[in-house]
Each structure stands twice: as structure tokens, then as C-alpha cells.
Amino acid sequence: MVKIRDPEQQLEMVGVPEEHIQGHAFHLYRLTSPDDSVSFEFQHNVCGRSIYAEGTIDAAIFLHRKVQSKDS
């Protein structure tokens, strides 16, 4: 695993937009077969922090509804 924490490298190497340098989640996952004949990559880029707050609220609403419905 490689963590790039330097803002200059995040801008230049990773491509994080400058306006989101203080709040982002850019990740690249790579799976490779033991013999290196197959490789699979998955990437996601999140700009800003609002999506995390919105997700937390959605989760709380979901759990509240589950409790109210007495669903196991």
C-alpha cells in the first residue's frame, strides 16, 4: 500500500483538484494473479466531504426505520 500525503504530490501525481485538497478520497486498488498474467484495477475518486455526511444521515434514517418497524 502506498499513501501519498503530500499535497503537492496529490495535486501532481494523483490529480486531486486543488479546491478539494483538504477533503478527498482518491483510491486505486490493484489485484494481480500470482503469476502476474492477470491484473484487475478498481479506482474511486471522491471530491469533498459532504458525501460522507450525507451517507451518515442516510444510515441513521435507515436504522431508525428498521427499529421503528421492529425488523430483525
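1. Strands, labelled E, are DSSP runs of at least two residues, and they are numbered from the N terminus. In this predicted model, strand E1 covers 24-32 and strand E2 covers 39-47. The two strands pair in the antiparallel sense, and the pairing of E1 with E2 extends over 9 bridges. Within this pairing, leucine 28 stands opposite glutamine 43 of E2, and alanine 25 likewise has valine 46 of E2 opposite to it.

2. The connection between the strands deserves a look at its backbone. E1 and E2 form a hairpin, with 6 residues lying between them, and aspartate 36 is found in that loop between E1 and E2. The phi of aspartate 36 is positive, at about 65°, although the residue is not a glycine. As background, most residues other than glycine have a negative phi. With a relative accessibility of 62%, aspartate 36 lies over the 50% cut-off and therefore counts as exposed.

3. Which residues make the nonpolar surface patch? The patch, of about 460 Å², is made by Tyr29, Leu31, Phe40 and Phe42. Strands E1 and E2 each supply at least two residues of the patch, and these are the strands that pair in the antiparallel sense.

4. Leucine 31 is worth a separate comment as a member of the patch. Because its relative accessibility of 57% is over the 50% cut-off, leucine 31 counts as exposed. When residues up to four places away in sequence are not counted, leucine 31 touches Val38, Ser39 and Phe40; of these, Phe40 is also one of the residues that make the nonpolar patch. Between leucine 31 and methionine 1 there are 30 residues of separation in sequence, while their C-alpha atoms are 12 Å apart in space.

5. The structure holds 1 aromatic pair. Tyrosine 29 and phenylalanine 42 have ring centres 6.2 Å apart and ring planes at 25°, and the pair is stacked because planes under 30 degrees apart count as such. This pair links distant parts of the chain, with tyrosine 29 in strand E1 and phenylalanine 42 in strand E2, 13 residues apart. How accessible are the two partners, tyrosine 29 and phenylalanine 42? Tyrosine 29 has a relative accessible area of 43% and is partly exposed, and phenylalanine 42, with 47%, is partly exposed as well. Both Tyr29 and Phe42 are among the residues that make the nonpolar patch.

6. Glutamate 41 is in strand E2 and arginine 30 is in strand E1, 11 residues apart, so that the pair links distant parts of the chain. The relative accessibility of glutamate 41 is 42%, and this residue counts as partly exposed, whereas arginine 30, with a relative accessible area of 51%, is exposed. The assignment of arginine 30 should be read with its value of 51% in view, because the cut-off for exposed is over 50%.

7. Turning to the helix, glutamine 10 has its place in helix H1, which covers residues 7-14. Is glutamine 10 buried or exposed? Its relative accessible area is 8%, and glutamine 10 is therefore buried, since the class takes in values under 20%. Leaving aside neighbours within four places in sequence, glutamine 10 is in contact with Ile4, Arg5, Gly15, Val16, Ile21 and His24. Of these contacts, His24 belongs to strand E1, whose range is 24-32.

8. Aspartate 6 has a relative accessible area of 36% and is partly exposed. Aspartate 6 and tyrosine 52 are 46 residues apart in sequence, and the distance between their C-alpha atoms is 22 Å.

Terms used
Residues are numbered from 1 along each chain as its sequence is written. This is a predicted model: local features need pLDDT of at least 70, side-chain atom pairs count only at pLDDT 80 or more; totals for chains, interfaces and linings use all residues. Side-chain values use heavy atoms; hydrogens and water are left out. Patches are made of residues with over 30% relative accessible area and no salt bridge: like charges are joined within 9 Å, nonpolar side chains (Val, Leu, Ile, Met, Phe, Trp, Tyr) within 5 Å. Accessible areas come from the Shrake-Rupley method with a 1.4 Å probe; for residues, only the protein chains shown count as cover. A salt bridge is a side-chain nitrogen of Lys or Arg within 4 Å of a carboxyl oxygen of Asp or Glu. Helices (H or I, at least four residues) and strands (E, at least two) are DSSP runs, numbered from the N terminus. Rings of Phe, Tyr and Trp (its six-membered ring) pair if their centres lie within 6.5 Å; planes under 30 degrees apart count as stacked, over 60 as edge-to-face and the rest as tilted. Buried means under 20% relative accessible area, exposed over 50%, partly exposed in between (1.4 Å probe, protein chains only). Two strands pair if DSSP finds at least two bridges between them. Contact means heavy atoms within 4.5 Å.
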